[in-house]
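Take a look at the structure below. Then follow the text through it, one part at a time.

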Amino acid sequence: LADQDRTKPDEKALQGFAEDLDTYYAICRLKVSCEMINLKRQHPKQYSFDTSLGEALQSEKYPDIQHPLLLCYRKIYMLLQTGEEVHFEAVEALLSQYAHQIGPLDLHTIISYLHNYASSRLPAGADKFQKKVHWLNNIALQYDLFSRKGAMSPSQFNNIIFVACALKDFAWAERFILKQGQFLDDDIREVTIELAKATFYMEQKHLKQVLDCLQNTYFKDPLHRMR
């Protein structure tokens, strides 16, 4: 077509599209950097990523500075880089405000980063961080992050119950076992649920019920036998 026959471009729409692409790139770059830091920390001899961000990503010149994912991943990046609790608390506050606007995959990722941080600090401040872990588990449950096959490992399922029971939230723990146990993989469901029930009863000093759960249950996993 000749130039005069073309539809006039929508400058506003094009500008908005370009800014969305810039925001999308910034979020993806932050997510990759967070994963790099995580891998580098877990396997320092295997990975030697450069986890620093470019100058543009460290500035405040994002197209949509208030995008929930941009806000969350920036704080997670700082949490992973520094290990400072203030960044954990900042992401907690962001989740309280924006969780309903974040998709399941990103919400699961964000909660996993926070969960790892809080769990690693349980020995130093058990009560405080148990409450934080339980709060995260409540958020995950509220947004159905556990409600699919294979979403939880046996250890994760039992850790969730252990923390809830340690905080004496027995009604919540019982509901979780009854409703979420069905989403465990078939081959580990029964033994995982029996161990969770044993924990539930043990924390309430119902020893007969503990023995009823355990006496005919064989635990292959050494960590489960230790528990």
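**Cysteines, helices and salt bridges**

C213 is buried, with a relative accessible area of 5%. Buried means under 20% relative accessible area, exposed means over 50%, and partly exposed lies in between (1.4 Å probe, protein chains only). C34 is buried too, at 0% relative accessibility. How many disulfides does the count give? It comes to zero, where a disulfide is a pair of cysteine sulfur atoms within 2.5 Å. A disulfide is a covalent bond between the sulfur atoms of two cysteines.

A word on the source. This is a predicted model, in which local features need pLDDT of at least 70 and side-chain atom pairs count only at pLDDT 80 or more, while totals for chains, interfaces and linings use all residues. Residues are numbered from 1 along each chain as its sequence is written, and side-chain values use heavy atoms, with hydrogens and water left out.

Now the helices. Helices (H or I, at least four residues) and strands (E, at least two) are DSSP runs, numbered from the N terminus. Start with helix 3, residues 68-82. Its 15 residues should span 21 Å at 1.5 Å a residue. The expected span is 1.5 Å times one less than the number of residues. The end C-alpha atoms of helix 3 are 21 Å apart, which agrees. Which residues of helix 3 are buried? They are P68, L69, L70, L71, C72, Y73, I76, Y77, L79 and L80. Just after helix 3 comes G83, with a positive phi of about 70 degrees.

Helix 5 covers residues 104-120 and holds H115. Is H115 buried or exposed? At 18% relative accessibility, H115 counts as buried. H115 is in contact (heavy atoms within 4.5 Å) with V133, L136 and N137, leaving aside residues up to four places away in sequence.

Helix 7 has 13 residues, which should span 18 Å at 1.5 Å a residue. Its end C-alpha atoms are 18 Å apart, so the two values agree. The buried residues of helix 7 are F157, N158, I160, I161, V163, A164 and C165. What covers them? The cover includes helix 6, helix 8 (170-180) and helix 9. K168 follows helix 7, and the phi of K168 is positive, near 65 degrees.

Next, the charged side chains. A salt bridge is a side-chain nitrogen of Lys or Arg within 4 Å of a carboxyl oxygen of Asp or Glu. The count comes to seven salt bridges. One of them joins E92 and K132, with the closest N and O atoms 3.1 Å apart. This pair links distant parts of the chain: E92 is in helix 4 (residues 85-98) and K132 in helix 6 (residues 126-142), 40 residues apart. Both E92 and K132 are buried.

Another salt bridge pairs D186 with K149, with the closest N and O atoms 2.8 Å apart. D186 lies in helix 9 (residues 186-202) and K149 in the loop between helix 6 and helix 7 (154-166), so the pair ties together parts that are 37 residues apart in sequence. D186 is exposed, at 58% relative accessible area, while K149 is partly exposed, at 47%.

D186 also meets R189 in a salt bridge, at 2.4 Å from N to O. R189 and D186 are three residues apart in helix 9, so about one helical turn separates them. An α-helix has 3.6 residues a turn, so residues three or four places apart point the same way. R189 is partly exposed, with a relative accessible area of 24%. Together, K149, D186 and R189 are linked in a network of salt bridges.
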